[in-house]
Structures are given as C-alpha cells and as structure tokens.
Amino acid sequence: MQTAVIDMITPTTQFTSSSTMGVYEPIHQISMWDDTFGGTISPNTDVCIITQADAKLDDKCEYASDRSLEPAEDNQTAKSIRDKVVQRRLAQNREAARKSRLRKKAYVQQLETSRLKLAQLELELERARHQGLLIGGATANMGLCGNVNSGIAAFEMEYGHWMEEQQRKNSDLRNVLQSPITDVELRLLVDDVLEHYCNLFRMKRDASRADAFYLVFGMWRTPVEQFFLWIGGFQPSELINVVMPQLENLTDQQLAEVYNLRHSCQQAEDALSQGMEKLRQTLAQSITTLAAGAGSYSSQVVSTMEKLESLESFAQQADHLREQTLRRMSCILTMRQAAKGLLAFGEYFQRLRALGSLWAASPRKFA
Amino acid sequence: MQQALSYTNWPPTTTSSVVEVPKLVAENAVVVFARSGCCMCHVVKLLLHGHGVNPTIFDVDEQNEATVTGELSKIIGTGEANTSCMPQFPAVFVGGKLFGGLEEIMAAHISGELVPVLRKARALWL
C-alpha cells in the first residue's frame, strides 16, 4: 500500500540532491505527521494530503539547508528530518544501484548463454550439412572404418572452437591497435596469434592421418571457401597480397623483403603444385596398369595405395609453407605492422567464411 | 666437379651404384637421395632448379635401400641415437653434409638461407 503511494508521488526515481528531497520520504512523512496529528493519518490517506505534506516538508528542507536564512522554530526537528531523509535517500540510492547492477549482470549472462547456444547451433548445422554432403559423395567416411569417421568428426568439432577463439583474438587485436601499447606487450599478442595458427596446422596434421583427401579438399569449409583453397588452406602468396594494402609506413628495405618473400612463396607453391600434378600422372599410370591386369594385381593395388598416401605429405608441406610464411612476415614487419597484418588477414578469413555461409544458405534459382 | 650446367634443359644425373654413395656425396655440391617415382623428390628438384642448381639424383629402390641407408647413416655420423640418424627420403646433401628433407629445404628457401648455403657449397656461381 505504501509502495503504491510512493509510486504515485514519485513516478520516476531521481536521486539528485535537489530541493525535492522530501518527495522520497512519504512513509517517513506519514509517520511524522501521524505523530503530529495523533495517528489520524493512515497509509490509505488520499494522495493530495501527502502532496501537501510534501510541499510543507519541501519548504522546511529548503529552509533548513539554506544557512543564510533564519532557522525555523523547530530547528531540531528540521535538522533530524533532514538527516534522516538524507540517510534514507542514500540507502535507496545504494539499493537501486545494486539492483541495477544485478539486472545488468543477469542480462549480460543471458546474452553470453545465447551467444554460446548460437555458436553450438551453427556448428551442428555445419556438421549436419557436411555429413549430408559426405554421405552423398560416397567417401571413405561412410562408416567403413570407425576410426576415420571419429578423427574427422573430432577435427570438425575442434575447428569450430578454433574459429571462435580466432574471432576473440581478432577482437583483441582490434582493441589493442586502437590504444597505446608497448611493443613488448604487442609482441605477446602477435606471438599468441601465430601460435593459434600453429595449433590449426597441428590439428590438420592429425586429421590428415584419418583422411588426407578430406583435408586437401577442405571438406569442412563452405564451397565458396573451397574455391580459394590451395592444398587444404590459404595460398601463402595470396596472404601477402591481402595484407600488403593494409600496411603503412613500410621502408624500402621492408618492401623489398616482402616482395622477395612473395616470390619465394610463389616458387614453392609452384613446386608443390607440380608435385601434385606428378602424383596425379603417376597414379593415372598405376590405374592403367591395374586395368591391364599385368603382373601381380594385389601388389600393384598396394603400391597405388601407397602413392595415395603421399597426399598426406603434400598437405603437411603446404601447411608448413603457410607457417613459414607467417613467421617470416612477422620478422620483416614491425610489431605494430605485424599486428595490423594479422588482423587484416583474420578479418579477410572471417568475411570469406561469412560469404560462404550466406551463399550456402541462400535459395538457388532453378532454370 | 659437376657436369656443365645447361639452363635450357636439365639432363638428369642419376646413378644407382651403391658403392659410389660416399664418393657422390663428397664430390657433388648437391645430392638428392629419393625413392624412384617419389613426388616429393620432384618438388625438391623443382625448388633447386629455381635457384639454378642441377642436383645429382640418386635413385633409391627396394634392392639398395637398406645399403644406401647404412651408407648415409655413416656419413651423417654415429654420435646421435640411431633413430634420428636414419635419413628420411628425400634426403638432400649439400656440400657433403646432410641438409635435411623437403621441409628443411622449404624453410631455408622461405627464410632466404638457402642461397648462401648453396653458394658456399659452390652449387651456385652467381
């Protein structure tokens, strides 16, 4: 009941030290006036009486807080009223602030939970989609060998986590680059991001033992991402092309070294690509020999299977090249440039993936 | 001394005589030991060609693999444990010493360390 009265009087709570101090203490006022009038005022009293009381109290408070004026007759009462009012106001301040903090905390927690749920749902959706693709594509993952499936499934799970972590690190880079930070601190973050990429390469190495083809063809990626794939990942020379326009203040020496690096990358990429081509030719020959039925069939099948295994080496060497390129770039660039470069590359990755998801989700036009 | 280099075509200088292994390693600036038909060896060759180097290729097959591995282990040295001494194919020897496999060649290629090493071993004249 009294609460209702308070609400009517104070529709918005404003905890300012204004002359409306008395407005917040209707309960106190009631009890005070109760005393004065011998308990004739009850909690159900009409609002206007309270407001009248407010007005009177207002005057008293203003009066009492203004030292230059003559104090009223009941100076003591005014003073104690004022003190009590102040105390109550401070207490309500604290209470309201505390409640506000709790509400904010609850809201943020809700957001966090929703975010996690969303990430989980996205991951499940990805996996379901890919499993749909795999079953349709009749690959070894059709459950012929339980190990193969679980290795790949584990990789997909880990990749989801890796991407989330990557997004967090991108945010860190973004924040850090906007604030003043020492090179020493920046180096810690840069090294951390590089280490995160190395984690990915390690994950991929483990997964390629389960299924090298899955890795090389980027089966866990969206088709748009696969379009840009080079032996299971980004092309190192392309990394340099993406990052370079985002960097400023490169010295001539740095420019020369970066272009040298790009040239070396292209040479290494060509060498690996031609190696893959040679593998294809060798395999084609093996298959022809098999078909001809000459010689011992089973031993030829074995040797052909062995050639297929070398795909795993290609995937590994490609990842190794990526790692070397990243490290070399971070050596050539200053800490700040390296951080910017890593952020630019991370964002490029994110956007590419987002585009891929969008394309995969959008309806196709049929002729 | 290596055979005269021709930059327009690369005649493969391959040999399979096991007896010659130590001699080969000692007398040639760059020697690559690889299993026949290995695609990784092809990659190594291409990288080295890119630097103007025509390496001597030694074909390792089933018959000579054990012997070759033994010979190479001797060259590498017996100081370390046996397993780490066992060379992985393709194995690249520069200036008489084991440089490593494709991974090491690639790392040196990217970091820019490969050219000085090749130059020092007189595989390059420029």
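Predicted model: local features only at pLDDT ≥ 70, side-chain atom pairs only at ≥ 80, totals over all residues.
The interface between the two chains is considered first. Chain A contributes 21 residues to the contact, and chain B contributes 16 residues. Together the two chains bury about 1600 Å², and 72% of this area lies on carbon and sulfur atoms. Polar contacts between chain B and chain A amount to 2 residue pairs, both residues of a pair being at pLDDT 80 or more, while the number of salt bridges found across the interface is 0. On the side of chain B that touches chain A, helix H2 (39-50) and helix H5 (102-111) of chain B each supply at least two residues. Sorted by class, that side of chain B has 10 nonpolar, 5 polar and 1 charged residues.

The buried residues are B:Leu102, B:Ile105, B:Met106, B:Ala107, B:Ala108, B:His109 and B:Ile110. After helix H5 of chain B comes B:Gly112, which has a positive phi near 90°.

The nonpolar interior is described next. In soluble globular proteins, nonpolar side chains tend to be buried together. The largest nonpolar core of the model comprises 82 residues, and those with the most contacts inside this core are A:Tyr197, B:Val30 and B:Leu118. The greatest contribution to the core comes from helix H6 (residues 183-210) of chain A, which gives 10 residues. When neighbours within four places in sequence are left aside, B:Leu118 is in contact with B:Val30, B:Leu48, B:His51, B:Val53, B:Val94, B:Ala123 and B:Leu124.

Over all chains, the whole structure holds 20 salt bridges. Two of the pairs described here involve A:Glu165. In one, A:Arg168 forms a salt bridge with A:Glu165, and the closest N and O atoms are 3.0 Å apart. These residues are separated by about one helical turn because they stand 3 residues apart in helix H5 (residues 146-178) of chain A. In the other, A:Lys169 is joined to A:Glu165 by a salt bridge whose closest N and O atoms are 3.3 Å apart. A:Lys169 and A:Glu165 also lie in helix H5 of chain A, 4 residues apart, or about one turn of the helix. An α-helix has 3.6 residues a turn, so residues three or four places apart point the same way.

The members of these pairs were compared by accessibility. A:Arg168 has a relative accessibility of 39% and therefore counts as partly exposed. A:Glu165, at 27%, is likewise classed as partly exposed. A:Lys169, by contrast, is buried, because its relative accessible area is 10%, which falls under the 20% cut-off for burial.

A further salt bridge links the side chains of A:Arg202 and A:Glu195, with an N to O distance of 3.6 Å. Relative accessibility is 39% for A:Arg202, which is thus partly exposed, and 37% for A:Glu195, which is partly exposed as well. Elsewhere, salt bridges that share partners connect A:Glu126, A:Arg221, A:Glu225 and A:Arg353 in one network.

Key:
Residues numbered from 1 in each chain as written. Chains lettered and ligands numbered in written order. Heavy atoms only, no water. Contact = heavy atoms within 4.5 Å. Buried area = accessible area lost by both parts, 1.4 Å probe. Salt bridge = Lys/Arg side-chain N within 4 Å of Asp/Glu carboxyl O. Polar contact = N/O pair within 3.5 Å; in protein donor to acceptor, adjacent residues only side chain to side chain. Nonpolar A, V, L, I, M, F, W, Y, C, P; charged D, E, K, R; others polar. Core = buried A, V, L, I, M, F, W, Y, C linked by side-chain atoms within 4.5 Å. Buried < 20%, exposed > 50% of the residue type's maximum accessible area, 1.4 Å probe, protein only.
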